[in-house]
Amino acid sequence: MINISVNKVPRSVRGKEDTSLLWVLRDKLKLSGTKFGCGAGLCGACTIHVNGEPVRSCQTTLGDVEGKEITTIEGLAATESLENGQHPLQKAWVAEQVPQCGYCQSGQIMRAAGLLKKNDRPSRDEIKEFMNTNICRCGTYNRIVTAIEKASREG
Amino acid sequence: MKQFNFENVTDHLTGLNLDGYKFPIDRRDFIIGGSAIFAGFLIPGSSSIAANSDGKDHAQVNAWVSIHANGDVIIVSPNAEMGQGTMTGIPLLAAEELDADWSRVTVKQVGPVSKEFGNPLFGGIIHTVASLTTAGLFDNVRLAGAQARKMLLDQASKQWNVPASKLKTENGYVYHGSKKISYGDVVKASGNVKNPPKVTLADLKKPNEYKLVGRDIPRVDIPAKVDGSAEFGLDVQIPGMIHASIIRAPMHGAKPKKITDDNDAELKSKVSVIKLDYGVAVVSADIADVLEARDGIEVEWDFPSVGRKYDSVRSLKDYVKVSEDSSVKGIAWPGKAHVPWAPAVKGNQKDYDAKMKSDDFKSISASYTTEHTYHAQMEPMNATAKVSPDGKSAEIWAPTQAVSVSTFAAAGVLKTSPQNIKLNTTFLGGGFGRRAQVDYVVDAVILSKITKKVVKVVWSREDDLAAGAFKPSTAVNLSAALGKDGSIEAWKHRTVAESPLRYYAKRLLGKNGEDILVMSGAEQLNYTMPNQIAEHINREQGTRLAAWRGIGHGPNRFATECFVDEIALSLGKDPAEYRLYLANNPRIKRVIKKVMEMADWGKSKPGLAQGIAYSDYNGSHSAGVAEISLNEKTGKIRVHRYFIAVDAGLPLIPDNVRAQIESGVIYGISSALTEKVSHAEGIVQQSNFHDYEVMRMADVPEINIEILPFGDRPSAVGELGLPTTAPAIANAVHKMTGKRVRQMPMNSETILEALKA
Ligand code: FES
Ligand code: FES
């Protein structure tokens, strides 16, 4: 049993230390908002926060996060104690109608939330550089930039 | 080890026979107080609305629309939602004719349970391809909404004892003067009604009467896509479900010969290894065990002789030679196979030969190539199936564009009737044509049948690429005879490529073997060309192929729109003005003129260059201008701005049209600049996003879009952004460097080579 904390809830997970955190979240804890895109640290679809930092859960093992605080897309708004249940980024994502297929978007939002934590007024170039890790095959990139700018202004 | 050899599994992928298929439910009765016929998930029509009622006290007017006593209106969406917005756009059309209050509309995703959902353009099946869902369903879904409205008027007229002609409807209410009653209350007061009223196209609204259509209605699927709650195929969880991963044949037709399992006894005890005709499946309750065990298994293969010989570099060189060798005859492309309303291409070989030889005409020719490209949809292939204990029926959960065909394929595997297959369409993490195939559905059904459990089959990204079904690589040779004034008096288009339809859907080939996936865009319906010949020279290579976004329009328009530029420049004419001269229809001229104005054509800043291209796509038109810079040392092209004017008929949700065009433009530029799959000895050489590079944020240009509405019907949007991108970029490269690049992708290697020429 390995003890972790997910979205502020303590969880004991049966599994080996080297089990991929991505599949633990998706299949053991049924938090399937975190997506499997490449399994190789290349696409960012699996992005979550560990102690507030965006990381790729497919490249993180259960052992890596023992005793740490994990946030997934399902808990993003709640862990930041937002009253109406939506993070400013999620609101901006809806306002700008960002998602198309939507598959990459949990990862995009988690990555963007990591950016805003460090830099609450990122420039356009800073956004593009920081978000370059995350692929969106539907090509929603320009809307993502606009939505991050909107959230940073209004958030 | 369990042994399983499924005979001719691939026949189910190629030889599907749709004749005689009956939809399991065809219910036209109008019921009040009955139970809903639908299965599927519910998406609120607007985020302010709570869940739907319990299914009692409602009027099921027709297969599309039901109206509940509490005021909720449920409208179905039968097609695959893969980001294109069909789940909003199709129900919106019914709501428009119903005069529904959109905030009370709930959209319900359904499987193939009624023939009313079939697309008349695809022989009445549910198939989400070719950007033709809206165009195909436009009448039927509006009629369904109008029928529901008429039913309400008839009922209110009885209840109030006022002729229906004196009543009107607005935003969920029936009015008589200032007196009003909500749709829900009309339903509550109605008795059983046997037959819904008849409606015809004449009963439908004119565009100037639209209240919802034409507005930027937010997409209904978006809220679930920002909080992680949207259910994609990979997210399906069924009680008792186990997981499977398949070590897939590295090429079509390869069969496992020898399996070596090096896993330790403990792991072996937790997984089953199942030999299939086309791979080796590893199955276990826990996905982590499946993935771990899979790494310890080695498979040796028996390779098919054809596929094993395939080398993409060598073949493409051969294709170019063949395209230029007129003694090799091809399959004539009539040009109207996919656009029934378009005129056929008129060709005359004798006249062509005479003009090409005559001194009265100037002859010109050039060849262009494209490589295989991969869909790279973000969600790898997957499906979940639960086959009944007797093996004669199944329930399936799948992210599929091929809604009906999935049920036919599953029925084929189980040797049962499609009526016994229940399909649940989940959200699709991208489709782009790949999910018009059903190989992942077949996987799940076979493994559920063998294991007698609910099985979710998960492809890794490496599986998805190694066993990808790609756009064929192509060589296109174009030749033309030009009149004194620059008119194109004869034109010949020869495309050499392997046919995807022969690989996965022979039934869709034309009478003489015409393959629309190769040849769309080889016709020039919108430029004045009195004599044009187009033909396809097929080369069987045994590779896995599929429809890829834009189908033939990608490679063919790359060739034709570069060639038109080459012709213009050889005549000393401006390429944009020359296209206006060739254009045979005001709609074409309008998009070209518009994009010239948007891009300030001909006046780019120092260090930047512009190129232009025009393309149609299934009844829609677009003209694009790429503004690029090029680093002559590294050969890297950067697209700074892309301008595109589009005429897709009537825009239903303008912001969604813009989103789709942005998407198509980025997909197109990405493939134009970097994307390439190569094969050596039949085996795919790329494995993941590090060696198959798709566009990322830092390289995305500013995209400027103008929508030019036309007429009263919508036409194709989802692929329309793509075809102009590659030729516009290549034409800009010529403008900047004076060098012509005739190869895709235009990566550093290609560009440096072109600069040396
Ligand atoms: S799935 Fe983790 S980076 Fe792609
Ligand atoms: S929305 Fe489809 S991959 Fe980003």
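**Entry 1: charges on chain A**

I began with the charges of chain A: the mean positions of its 21 positive and 17 negative charges lie 6 Å apart. For this I counted Lys and Arg as positive and Asp and Glu as negative, leaving out His and the chain ends. Each charge was placed at NZ of Lys, CZ of Arg, CG of Asp or CD of Glu.

**Entry 2: ground rules**

I noted that this is a predicted model, where local features need pLDDT of at least 70, side-chain atom pairs count only at pLDDT 80 or more, and totals for chains, interfaces and linings use all residues. Residues are numbered from 1 along each chain as its sequence is written, chains are lettered from A and ligands numbered from 1 in the order in which they are written, and side-chain values use heavy atoms, without hydrogens and water.

**Entry 3: chain A as a whole**

I looked up the secondary structure and found 6 helices and 5 strands in chain A. Helices (H or I, at least four residues) and strands (E, at least two) are DSSP runs, numbered from the N terminus. Read from the N terminus, the order is β-β-α-β-β-β-α-α-α-α-α.

How does the radius of gyration of chain A agree with that of a compact globule? A compact globule of 155 residues would have a value near 15 Å, and chain A has 15 Å, which agrees. The radius is taken over C-alpha atoms, and the globule rule is 2.2 Å times the number of residues to the power 0.38. Along the principal axes, the C-alpha trace spans about 45 × 35 × 25 Å.

I also saw that 61% of the 155 residues in chain A are buried; buried means under 20% relative accessible area, exposed over 50%, and partly exposed in between, with a 1.4 Å probe and protein chains only. Of the contacts (heavy atoms within 4.5 Å) between residues at least 6 apart in sequence, 57% join residues at least 24 apart.

**Entry 4: an open sheet in chain B**

Next I turned to chain B, where 5 strands form an open sheet of mixed pairing, in the order β16-β24-β23-β22-β17. β16 (331-332) and β17 (362-370) stand at the edges with a single partner strand each, so one side of each has no neighbour in the sheet. Two strands pair if DSSP finds at least two bridges between them. β17(B) runs antiparallel to β22 (residues 474-482) over 9 bridges, and I noted that B:Ala366 has B:Leu478 as its bridge partner in β22(B).

**Entry 5: the hairpin and its parallel partner**

I then followed β26 (residues 620-631) and β27 (residues 636-647) of chain B, which pair antiparallel over 11 bridges. They form a hairpin with 4 residues between them, and B:Gly635 in the turn has a positive phi of about 80°. Which residue of β27(B) is the bridge partner of B:Ser622? I found B:Val646 there. In β30(B), the bridge partner of B:Val646 is B:Ile707. β27(B) and β30 (residues 702-707) run parallel, joined by 6 bridges.

**Entry 6: two residues up close**

B:Phe643 sits in strand β27 of chain B. Is B:Phe643 buried or exposed? Its relative accessibility is 2%, so B:Phe643 counts as buried. Beyond its neighbours within four places in sequence, B:Phe643 has contacts that include B:Val595, B:Met598 and B:Asn704.

Last, I checked B:Thr750 in helix α20 (residues 748-756) of chain B. At 7% relative accessibility, B:Thr750 counts as buried. Leaving aside neighbours within four places in sequence, B:Thr750 is in contact with B:Val741, B:Gln743 and B:Pro745.
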